[in-house]
Amino acid sequence: MKRLHLILISLLLPAVLTHAQPSRQEYLLEKGWKFIKGDGEYSGVNADDSSWEKVTVPHDWAIYGPFDANNDAQVVAITQNFEQMASLKTGRTGGLPYVGVGWYRTEFSLPGFDSSKNAELVFDGAMSYAKVYVNGQFAGEWPYGYNSFHLDVTPFVHSDGSANTLAVRLENLPESSRWYPGAGLYRNVHVLVTDKVHIPVWGTQVICSSIGKKSAQVSIDIAVEGNAPDLSVVTEIRTRSGKKVAVCKSSTRTAKGFRQELKVRKPALWSPESPNMYDAVTSVYSGKRKLDEYVTPFGIRSISLVGDKGFFLNGKVRKFQGVCNHHDLGPLGSAVNEAALRRQLTILKEMGCDAIRTSHNMPAPELVRLCDEMGFMMMVEPFDEWDIAKCRNGYHLLFDKWAEKDMVNMLHQFRNSPSVVFWSIGNEVPSQCDESGYKTAKFLMDICRREDPTRFVTCGMDQVLCVLKNGLAGLLDVPGFNYRVHLYQQAYDTLSHKIVLGSETASTISSRGVYKFPVEKTARVHHDDLQTSSYDTEYCGWSNLPDDDFAMAEDHDWAIGQFVWTGFDYLGEPTPYNLMPNHSSNFGIIDLASIPKDRYYLYRSQWRKDVSTLHVLPHWTWPGREGQVTPVFIYTSYPSAELFVNGVSQGSRHKRHDASLQERYRLMWDDVVYQPGEIRVVAYDENGKAAEEKVVKTAGEPHHLVLKADRSMITADGKDLSYIEVSIVDKDGNLCPSDGRLVRFSTKGEGGRYRASANGDPTCLDLFHLPQMHLFSGKLTAIVQASEVLGEVTLTATADGVQPASISITAE
């Protein structure tokens, strides 16, 4: 078996040592893995893996397909959707082959490792029921696929520098998830080498208090494992530019280690607008000998809740403009990629989003770090089930034995991140309406209080009347309600908190670029093409349109904001159809190809107060609809606008508080008659002056492809990504909005390779990794991944009947 190439992580600051190696070394186990789908006796050192597939971790074995209804066919009643009769469901987990057993094997060596050292394996996530073997010996297990965990493998690794064999068995049970969970070693795996005396994984806790303009008090609890004479710790607090702003050489002994108190003068506070970060660099000494150095990233910020007034960050009231997201990355599956996460957050930031709910599982550590650095508040949530099933093989099978362990890992891992302001202890659990649910909630809340008393605890509850009556909503720091916005006022009147949070809102459904006639507001959605309307007037029986949530937050100080379901479309849960070929959601504000839907601009028009928004829908290419009513909607930050069709005014519309909620937040012309040509919108400011205009033209025959990259320069690290939007246009550059022809891709150059593509069509079964994809509503997204070689890569897109297009990306 090929020796694993170890990558030494340079994130930790180098220590000044009396010996050659740093006191703490972290290796990323990334390359040189081998994988097989299926079970066998593969834990031993001499197991034959010569014919296995060579893979790089993170790796999702299921995303390569094929799509098949038999992969996740099940006869169930989705009780969360008020279904009482079981029926056949397919595509509920994306129609992808995630079920079954898979094995991963690799080798790694630890130069200089001896009996004075400690070795730890750290898994950021392994889907699921992980069993870990080192040199043929069982090293440990962790069944929950979303959680990070670590194993002390010191007794199992070789101390002579020879290669160690690592084998990991994973198993995904059928009917174990309500969405696509992914499969395999889909998050990073690390080896951590320290002295016997060291700060353990997640072994520090930073608490900031007495925060003001002049100073902030910083308390650090430091756990230390192992024994040595004359132990002491020294902590320096540094800015991200490396400036030292506080030092503490004295400490108080605690049961687990030490506590230190530091003061930061004129602290730079963390907020979504100014995500200032610090590093606490803690060194452990035995006398004058340095044994360990541990870096704790943190931010200084205050959070508080005031009844009737709302949520305060750094003393200023603000409403949550958040989204819920599942963990998959669309065509990349669940295999974590920092560039993909950064792109998602960048798109959301541009919309005005300032908060993320990690529904319904622990997030990848890369996501939390990016939220710290880019400025997003977070609601971190551990699981979708407690001890009563939603899925036949869901988390309820693990809850009694593993819930506290999973909670502790999550809390310890993320309790120093300034982005995290809420711990959510669950989502729409079946027991929320009975006595056992209250007891379980208290059990989980007590764990949060014990491990991190500095953040608020909430829970996503959809049975509002139940939890108001039985006390569960009153138990929480923040009552979080999933939908039922019409019951918020009753909750406010009932609860002593005098605040209400929309922990999951809207669930409006739409397919990008698809418009249904007649336009009607409806929760009874079924169209022959299995799509949903991008007029944003369709929703589900339990949910509502965005306008309801806008009004609630705008009209009531005690309504502290929302987390929209969802920011991005995700694999699985293909509501409202729940049958293949539908295999991905319609809920996203942004589609599976990372292309914004019309709804994106509705949220942007309300959430971005610093820039203007003017968006027109639908497109204006409707052969066969001549003379038929084709409503036009405008999503805008301006108070009014005038619509022209082929130069003829269709009148002005003003946002109205005395009419329907849709008329309050949208400008709508419901009786426009379609004529080919153009529609032009002129938006007016508060003084009635023309401020901005936009034109949408009828497209001619498809003529050529257009490629547009989000980034033309990427890092040559073998991981970085460029997302390239592919459009088909007429000779004048107008989008052909109904074109769905097949586009084929090829690449040339050493700077990268074709990675995947997606089009956002929830019914399209094209495989993401193959170098071809059908357009959907005239667009798709192709992804180029950097190589580890400096240079260019050119992506060429071709399609029958139109001119091709090429674009070059530089890896540097």
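Me: Where is Thr90 found?

Reply: Some ground rules before that: this is a predicted model, where local features need pLDDT of at least 70, side-chain atom pairs count only at pLDDT 80 or more, and totals for chains, interfaces and linings use all residues. Residues are numbered from 1 along each chain as its sequence is written, and side-chain values use heavy atoms, with hydrogens and water left out. Helices (H or I, at least four residues) and strands (E, at least two) are DSSP runs, numbered from the N terminus. Thr90 sits in the loop between strand S6 (87-89) and strand S7 (100-108).

Me: Is Thr90 buried or exposed?

Reply: The idea is relative accessible area: buried means under 20%, exposed over 50%, and partly exposed in between (1.4 Å probe, protein chains only). Thr90 has 7%, so it's buried.

Me: Which residues is Thr90 in contact with?

Reply: Contact means heavy atoms within 4.5 Å. Leaving aside neighbours within four places in sequence, Thr90 is in contact with Ala69, Asp72, Ala73, Pro574, Asn578, Leu579, Met580 and Asn582.

Me: What does Ser219 make a polar contact with?

Reply: A polar contact is a pair of N or O atoms within 3.5 Å; within protein, one must be able to donate a hydrogen and the other to accept it, and residues adjacent in sequence count only if both atoms are side-chain atoms. The Ser219 side chain makes one with the side chain of Glu261, at 2.6 Å. Ser219 lies in strand S15 (residues 215-223), and it counts as buried because its relative accessibility is 18%.

Me: And Ser757, which side chain does a polar contact join it to?

Reply: That's Tyr754, at 2.7 Å. Ser757 lies in strand S44 (residues 752-758), and with a relative accessible area of 0% it is buried. Not counting residues up to four places away in sequence, Ser757 touches Pro331, Phe745, Phe768, Leu770, Gln772, Met773, Thr781 and Ala782.

Me: Now a helix. How far apart are the end C-alpha atoms of H3?

Reply: The expected span of a helix is 1.5 Å times one less than its number of residues. Helix H3 (residues 399-414) has 16 residues, so it should span 22 Å; its end C-alpha atoms are 21 Å apart, which agrees.

Me: How many residues of H3 are buried?

Reply: Twelve of the 16, so H3 is mostly covered. Among the elements that its buried residues pack against are helix H2 (365-374), strand S28 (420-427) and helix H4 (435-451).

Me: At what angle do the axes of H3 and H4 cross?

Reply: Two packed helices are described by the angle between their axes and the distance between the axes. Axes are lines fitted to C-alpha atoms, for helices over the stretch in contact, and angles run from 0 to 180 degrees between N-to-C directions. Here the axes of H3 and H4 come within 10 Å and cross at roughly 30°. Residues of H3 including Phe399, Met407 and Leu411 are part of a contact whose H4 side includes Phe443, Leu444 and Ile447.

Me: Last one: is Leu465 buried or partly exposed?

Reply: Partly exposed, because its relative accessibility is 48%. Leu465 lies in helix H5 (residues 464-470).
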